[in-house]
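Reader: Hi! Could you walk me through this model?
Author: Happy to, here it comes.

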Amino acid sequence: MKRLIIGISGASGASLGCKFIQALPKELEKYCVITKGAKKVLQNEEKESYHSLKEIENLEILDDEDLSACISSGSFVCEAMVVIPCSQNTLAKISCGICDSLLTRSASVMLKEQRKLLLAVREMPLSAIVLENMLKLARLNVVIAPPIFGYYAGKSLQEIEEFLIGKWCDSLSIPSTYKRWQS
C-alpha cells in the first residue's frame with residue numbers, strides 16, 4: 001500500500017483515529033481529514049492526540065471544507081480509506097451518497113472507484129436505520145469495523161486501543177503487532 005486516507009469524524013473516541021495514524025508505517029503516504037465535530041471531541045477528550053499529528057512523517061492534513069483537495073478525485077489513486085471513528089451522521093451521508101464535505105466526498109470516490117473503505121462506526125445502541133446503513137454499505141464491500149475489543153487483548157485502555165488498531169491494520173493488509181488470540 002502506498003497511500004491511505006484517514007477520516008476522523010465527530011464521535012467519541014476521535015483520538016483513536018489519531019492513534020491509528022501514529023501506528024502506521026512511516027513510508028506510507030497519509031492524507032487526513034478531521035471534521036469540525038472531531039476537532040471538538042478531541043478538545044474535550046484528548047487534546048495531545050490532535051497536536052501530536054503535526055510530528056507524523058509523511059502526513060498531510062487536509063481541510064474538510066476543501067472539496068477540491070487531491071483526495072476528492074478518482075484520478076488520485078489511493079488504495080484505501082478509513083473513517084475512525086465514523087459517526088452515525090457520517091455513516092448516513094456515505095450510505096446515501098451525500099458529498100457535502102471532503103471526508104464524505106472522498107468516501108464516495110472510494111465507493112465509485114471500488115477501492116477499500118473501512119468504517120469504524122461508533123455509538124450504541126444501534127438503531128434500525130444505522131443497521132440498514134451499515135448493511136447497505138457492507139453489501140458494497142465496505143468493511144464495517146466498529147471499535148469492539150476482544151477481552152483477551154488486555155485490561156488497560158492502551159492494550160485495548162492497540163488491539164483495535166491492529167485489527168483495523170489487518171483489514172487493510174498493513175503489518176501490525178498486537179495481542180492476538182492464542183488458544
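Author: A word on terms before we start: helices (H or I, at least four residues) and strands (E, at least two) are DSSP runs, numbered from the N terminus. This is a predicted model, where local features need pLDDT of at least 70, side-chain atom pairs count only at pLDDT 80 or more, and totals for chains, interfaces and linings use all residues. Residues are numbered from 1 along each chain as its sequence is written, and side-chain values use heavy atoms, with hydrogens and water left out.

Reader: Thanks! Which element gives the most to the lining of the largest pocket?
Author: That is α7, with four residues. Both α1 and α7 (157-171) give two or more residues to the lining. Here a pocket is an open set of points on a 1 Å grid over the protein atoms alone, where a 1.4 Å probe fits, with protein on both sides within 12 Å along at least five of seven lines; lining residues have an atom within 4 Å of a point.

Reader: And what volume does the largest pocket have?
Author: About 400 Å³, taken as the space filled by probe spheres set on the points, with grid points joined across faces, edges and corners.

Reader: Switching to helices, how do the axes of α1 and α2 cross?
Author: The axes of α1 (residues 14-23) and α2 (residues 36-45) cross at roughly 90 degrees and come within 8 Å. These axes are lines fitted to C-alpha atoms over the stretch in contact, and angles run from 0 to 180 degrees between N-to-C directions. The contact (heavy atoms within 4.5 Å) uses A14, S15 and C18 from α1, and A38, V41, L42 and E45 from α2.

Reader: Where are the cis peptide bonds?
Author: One joins I84 and P85, with omega about -10 degrees; P85 sits in strand β4 (residues 80-86). Another joins M124 and P125, with omega about 0 degrees, and P125 is in the loop between β5 (116-121) and α6 (128-138).
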